[in-house]
Amino acid sequence: SIADSAFDFIADGETLTLNYVAKVDDGHGGVISTPITLTIQGGADVVIIGTNDVPTIVADLTTAIDAVTEDDGATLAAGGTITFQDLDLTDTHTASYVLKSSNASADLPGYSETAPLGQIGTFTLAPVNENPGVSTIGSIGWNFALNNSDPVLQSLAVGQTITQVYTVTVDDHHGGTVTQDVTVTITGTNDAPTIAAASPAGIGPRFMRSA
């Protein structure tokens with residue numbers, strides 16, 4: 001007899017075999033023993049069939065919002081970690097992402113807020129960090145990088161923003177998935193005006209003929 005929750009670590013289709021030895025002692029030195037085998041899922045005595053537990057996001061251990069600011073270095077960088085839990089102890093996971101939305105607070109040339117969505121910078125995911133069979137907790141690192149010379153970035157005025165939202169999906173390969181949105185906010189700074197030194201078209205050097 002055992003609580004059903006004690007078997008949450010058994011994934012879909014897996015089995016657990018328990019081996020016991022029962023002994024009878026007559027109190028005068030006479031002992032007899034016999035083995036008892038109990039198989040969880042598929043055993044002749046007791047059958048407990050595992051089902052797939054869907055992974056979930058551990059919010060307290062997840063950083064899914066970050067920001068960068070124009071001219072804060074040659075390469076602007078942001079990042080964080082998404083932490084998940086899967087009660088099926090031996091499940092392994094992969095992660096993928098898509099650009100969910102992009103929004104600029106001002107109309108910027110060359111940046112689309114409708115399909116196909118505009119995007120500046122590069123979003124990447126690190127390999128899934130997990131220890132199947134030992135821990136139900138796993139994590140995925142995410143990173144965002146943007147070259148400061150990007151012309152769309154430099155077109156932002158002070159205080160203007162671009163917000164890009166990426167949806168990260170964690171898959172346990174048994175039909176269970178969970179998603180987490182990651183938001184990166186890009187903020188512009190003021191670019192001072194500069195003088196264009198080129199001469200007006202059609203005006204060249206003038207020469208004076210001596211008398």
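**Exercises on an aromatic cluster and a buried glutamine**

In this predicted model, Phe-123 has a relative accessible area of 2% and is therefore buried.

**Exercise 1.** Classify the ring pair formed by Phe-123 and Trp-142, and locate both residues in the chain.

*Solution.* The centres of the two rings lie 5.8 Å apart, and the planes meet at 20 degrees. Planes under 30 degrees apart count as stacked, so the pair Phe-123 and Trp-142 is stacked.

**Exercise 2.** Determine how many aromatic pairs the model contains, and classify the pair of Tyr-97 and Phe-123.

*Solution.* The count is 4 aromatic pairs. For Tyr-97 and Phe-123, the ring centres are 4.9 Å apart and the planes stand at 65 degrees, so this pair is edge-to-face. Tyr-97 lies in strand E6 (residues 94-104) and Phe-123 in strand E7 (residues 122-125), 26 residues apart. Tyr-97 has a relative accessible area of 36% and is therefore partly exposed. Together with Trp-142 and Tyr-166, these two residues form one aromatic cluster.

**Exercise 3.** State whether Gln-164 is buried or exposed, and identify the polar partners of its side chain.

*Solution.* Gln-164 is situated in strand E9 (residues 161-171). Its relative accessibility is 0%, so Gln-164 is buried. The side chain of Gln-164 reaches the backbone nitrogen of Ile-120 at 2.9 Å. A polar contact, also listed at 2.9 Å, joins the side chains of Gln-164 and Tyr-166. Beyond four places in sequence, the residues in contact with Gln-164 include Leu-99, Tyr-111, Phe-144 and Val-184.

Methods. Residues are numbered from 1 along each chain as its sequence is written. This is a predicted model: local features need pLDDT of at least 70, side-chain atom pairs count only at pLDDT 80 or more; totals for chains, interfaces and linings use all residues. Side-chain values use heavy atoms; hydrogens and water are left out. Rings of Phe, Tyr and Trp (its six-membered ring) pair if their centres lie within 6.5 Å; planes under 30 degrees apart count as stacked, over 60 as edge-to-face and the rest as tilted. Helices (H or I, at least four residues) and strands (E, at least two) are DSSP runs, numbered from the N terminus. Buried means under 20% relative accessible area, exposed over 50%, partly exposed in between (1.4 Å probe, protein chains only). A polar contact is a pair of N or O atoms within 3.5 Å; within protein, one must be able to donate a hydrogen and the other to accept it, and residues adjacent in sequence count only if both atoms are side-chain atoms. Contact means heavy atoms within 4.5 Å.
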